[in-house]
Amino acid sequence: MRVSKALAVLAGLAVLALVGCAAGPASGPDSAAPSAPGPGSGAASGPISGTVAVFAAASLGDVFAAIEEEFTAAHPGVTVVVNYGGSSGLAEQIVQGAPADVFAAASPATMTTVADAGLAADPTVFASNTLELVVPAGNPGTVDGLADLERPELAVALCAVEVPCGAASAKALAAAGLGASVDTYEQDVKAVLTKVELGEVDAGLVYRTDVLAAGDAVEGIRFAGADAAVTEYPIAAITDSPNPRAAAAFVAFVVSARGQALLDEAGFGAP
Amino acid sequence: MAPRRPRRAGFLAPALWIPAGIALALLALPLVALVVRAPWADLPQLLARGEVLQALALSLGTAAIATAVSLALGVPLALVLARSAEWSAVPRRLLRALVTVPLVLPPVVGGVALLLLLGRRGLVGEWLDAWFGLTIPFSTTAVVIAQVFVAMPFLVLAVEGAVRASDRRFEIAAATLGASRWTVFRRVTLPLVAPGVSAGALLCFTRALGEFGATITFAGSFPGVTQTLPIATYLELQRDPDAAIALSLVLMIVSVAVLVSLRDRWVPGLTS
């Protein structure tokens, strides 16, 4: 048990080092903005301190870097370390005893895994994400709606149904009564995005936040019926957290008006 | 004391047994855990599904074709590599580096590189598409190409080692007796390096069988077309870890069976 914890910490630190490098410059513009202490940071008794280990879904990467920045600006005594990964993998790590204080998942099901182990205190949905059609810049396949995915001459990439974005894609297609002519089922949403960025496929289905993060290499197309498959993001403090006050403060900041504004900016929907 | 002839196996300093034991444990214990944790009771039902058999058949088929392609192209490359010992340093080292790079490259990077070459907008793929209407990604051909890219170096290096260790005097003798170069290759060189070729082909096949990163990046994943067993295993891990363990078990058993059953019979040279 102790060894697995030590390994989990090591893995977390390794991820942190990588994420730290990647997130630094990206969060520049946000850190330039004046950050008043968040309204959700009301301290119960004295300033909070110590470390908060946040296990967050990979799709939250960019926005949690900004949230972390503002949170630590408001609570200078607190160090936030974020471990990004696939939600199901993170849930498994937490159940196996990884030292997490907060879990932010990309699906209610993965939060349930942690809650069923008695480790999630009162999960709250804090954001939602909607699917969008994504095409390479210039839209070579002249895609303008979900029905275009049925055209056999187009190369189409979707997430595999085993992962959350694939389940959402299948749901949206089923709701529209469409059977897409798919060329590849990718292992995660970023892999779909890469295939589109490289122009190897004419269209794919990814989250709106991924389209925004990808910039000019791709174009996003909203489609009617996307509401049929909205992905919800729950967050919870972990019950055996060694730093419960800081964990609660972090969760409070994410659901606060300022946290919600940052999420909105990144393309997330209201819970 | 009369000099004693060392036993054939040589001797081993006792201190070496400890790191050797740790090394073996590191290699074997994870597989033991896999076997122990496998959902044996549900195994028949987990494995009898059509998708599993389909993925297994695709894996075996593509790995066999990739091995055949690697043999046809890799053995000649190995001969060139062995002869490159006579070249000057720069081209010799460059050639060796080019052959070795796929071994050390993360396979996903290899997959991206293949896309950039053969993809619809790739250096060569763009012309294939424009002139012949050929698109390689997302096809079974792409699976084979990815496997060859990753696995052929194993074969090339194994055969090259065998060529270097072989006695060139047999070839020279054959040549002086009037055999043509092609006959020398067919009747002398090839039989001499046959153990190395079998060993290389075996490594190549098992590596191709387990190939994941380059395949999913370059060929994608579609059941029956490009979804090989390792890809099916990875995707299953997201949904049902028990089913994923069952699939890994199949892959492991097939690989171990190939290595154990064929090694002694076909590859005496590998252990010597």
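How much of chain B is helix over residues 56-82, and how far apart are the end C-alpha atoms? I found 100% helix and 0% strand there, with the end C-alpha atoms 36 Å apart. I keep in mind that this is a predicted model.

I picked that stretch from the record: an unreviewed UniProt entry lists residues 12-36, 56-82, 94-118, 130-159 and 243-262 of chain B as "transmembrane region". I also checked residues 12-36 of chain B, which came out at 80% helix and 0% strand, with 33 Å between the end C-alpha atoms.

Next I looked at where the chains meet. I see 16 residues of chain B in contact with 14 residues of chain A. On the chain B side, helix H11 (residues 229-239) gives the largest share, five residues. By class, that side of chain B holds seven nonpolar, five polar and four charged residues.

Then I turned to chain A. Its domain assignment gives domain 1 as 50-129 + 232-265 and domain 2 as 131-229. I read 28 Å between the C-alpha centres of these two domains of chain A. Seven residues of domain 1 are in contact with eight of domain 2, and the domain 1 side has one nonpolar, five polar and one charged residues.

Last, I followed helix H9 of chain A, residues 244-255. Its 12 residues reach 17 Å from first C-alpha to last, close to the 16 Å expected. Buried in H9 of chain A are A:Ala246, A:Ala247, A:Ala248, A:Ala249, A:Phe250, A:Val251, A:Phe253 and A:Val254.

How values were computed. Residues numbered from 1 in each chain as written. Chains lettered and ligands numbered in written order. Predicted model: local features only at pLDDT ≥ 70, side-chain atom pairs only at ≥ 80, totals over all residues. Helix = DSSP H or I, 4+ residues; strand = E, 2+ residues; numbered from the N terminus. Expected span 1.5 Å × (residues − 1). Buried ≥ 20, exposed ≤ 12 C-beta atoms within 10 Å, placed from the backbone. Contact = placed C-beta atoms within 7 Å. Nonpolar A, V, L, I, M, F, W, Y, C, P; charged D, E, K, R; others polar. UniProt positions renumbered as here; feature names shortened; annotations may be inferred. Domains from an automatic or database assignment.
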